[in-house]
Amino acid sequence: MLERISKLKEVIENATADSLEAVEQLRIKYLSKKGEISALMADFRNVPAEQKKVVGQKVNELKTLATEKIAALKESFSTNSDRELEELDLTRTATPVELGTRHPLTIVKNEILRIFEGMGFTIAEGPEIEDDWHVFESLNFAPDHPARDMQDTFFISRNPADILLRTHTSSVQTRVMEKTQPPIRIVCPGRVYRNEAISARAHCFFHQVEGLYIDKNVSFADLKQVLLGFAKQMFGPDTKIRLRPSYFPFTEPSAEMDISCFICGGKGCGFCKNTGWVEILGCGMVDPNVLKACGIDPEVYTGYAFGMGIERITNLKYKVKDLRMFSENDVRFLREFEAAK
Ligand code: DAH
C-alpha cells in the first residue's frame, strides 16, 4: 500500500498537461470518485490496524498534493483576460456621472427658508391649482377687484366653481388657518402664475415666499423686527430697512419694504435709481376679515403677513438682468451659481 502511494505521488508530481482539457483528464484520473486516489481509499479497509495511522496520513498527503498540482496546472492555462475579468469591478459606474447644479432660484429659496426657520417658522405648502375662495375671496378681495380679471389670472374653469392657477402664495395662509388654530408661524414657498406678456421684467410664472404669524398680541413692531433680521442675514449686517405705506386687501395696515441699496450702501447709484433704496417685499397686519373668514377670532388673535418674489431677491443678490434666463435652462447660466451652493 505504502509503495502504491509513493509511486502515485511520483507520477502526480511529474504530471504535465498541454491543455485545459488535459488538466481535466488528470483530475478525473486521480481525484474523481472513480479515480486512483478514491481507489486507494477504498482499499484502506484492508490495511492492518497498526499501519492505518501512517497509511491514512500518506493518503491524505497524496490527495492534497494532487489537488494542488491540478489547481497549479489549471492556473497556468488561465489567460490574462480571465484574470482581468476576476479583478473587474462590475458594480462600478460605466462613465463618470456629471453632477448638475442647483437652480439659482432653489439656492435663494433655500436661503430664505433657512433664515426664517432660524426664527422659528415652519414650512407649509399648498396647491398651484386653486379656487377663488383660497386665492381671492377669503383674502378680502372685493368681487370686482381687478386681480380677478381674466387679464391677470389664468382661469381653468368658471363653472361650477372658479378654478384657477394661484396668482400668489397668500392662498396657503388660508389653507393653513382653516385647519389650524394659532399660534401659527409659517413660511410658504411656491410657484405662482399671472397672465403677463413675457419680457425681461415680467413672466407668466414666478416664485414667492409667503410668511404668516398669528398669535395673541402680535404687533407691527414684531413684523418690523423679523423683517429687519431677515434683511441683515440675506443682504449683509449693515442693511437697513424702510417701510412705506401701501395697500393689500388682506392686510391693514399694509406696507412695502425697501432695503438700503447694497451696491452703493444707500448713497444712490444707477442700480437703485439714485434713491439709495430697493423694494423687496409687501407686508402688513392680517386684516380681521381674513382671520374671520378662516375661522380665527380677531378679538383674540392678531398677526402679520409678508410676501416676497424669489426672482426679485435673486436678481438683487446675483444681478440677473433678464427674468427669462431663469426658465431657459442654459447650462452656461446655471453653472455660474455652482459656487453659491
Ligand atoms: N400676495 C402679494 C403679491 O402677490 C404679496 C404680499 C403682500 C403678501 C403683502 C403678503 C402681504 O402676505 O402681507 O403681490
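1. The lining of the largest cavity comprises seven nonpolar, no polar and one charged residues. Here Ala, Val, Leu, Ile, Met, Phe, Trp, Tyr, Cys and Pro count as nonpolar, Asp, Glu, Lys and Arg as charged, and the others, Gly among them, as polar. The lining consists of Ile-12, Ala-15, Leu-26, Tyr-30, Ala-66, Lys-69, Ile-70 and Leu-73. Helix 2 (20-31) and helix 4 (52-77) are the elements that give two or more residues to this lining, and the largest share, four residues, comes from helix 4. Helices (H or I, at least four residues) and strands (E, at least two) are DSSP runs, numbered from the N terminus.

2. The model is a predicted one, in which local features need pLDDT of at least 70 and side-chain atom pairs count only at pLDDT 80 or more, while totals for chains, interfaces and linings use all residues. Residues are numbered from 1 along each chain as its sequence is written, and side-chain values use heavy atoms, with hydrogens and water left out.

3. The ligand is surrounded by 15 residues, the closest being His-168, Ser-170, Arg-194, Gln-208 and Glu-210 (a residue is near if one of its heavy atoms lies within 4 Å of the molecule). By class, this shell has five nonpolar, eight polar and two charged residues.

4. Oxygen atoms of the ligand lie 2.9 Å from a polar side-chain atom of Gln-208, 3.1 Å from a backbone N or O atom of Ala-305 and 3.4 Å from an N or O atom in the side chain of Gln-173. The protein covers 89% of the 350 Å² of accessible area that the ligand has on its own (Shrake-Rupley method, 1.4 Å probe). Two or more shell residues come from each of helix 8 (170-179), strand 6 (205-215), strand 9 (277-286) and strand 10 (302-309).

5. The second largest pocket is lined by 20 residues, with Leu-105, Thr-106, Arg-191, His-207 and Glu-311 nearest its centre. The largest share of its lining, four residues, comes from strand 6. On a 1 Å grid over the protein atoms alone, a cavity is a set of points where a 1.4 Å probe fits but cannot get out, and a pocket is an open set with protein on both sides within 12 Å along at least five of seven lines; lining residues have an atom within 4 Å of a point.

Definitions and conventions. Polar contact = N/O pair within 3.5 Å; in protein donor to acceptor, adjacent residues only side chain to side chain.
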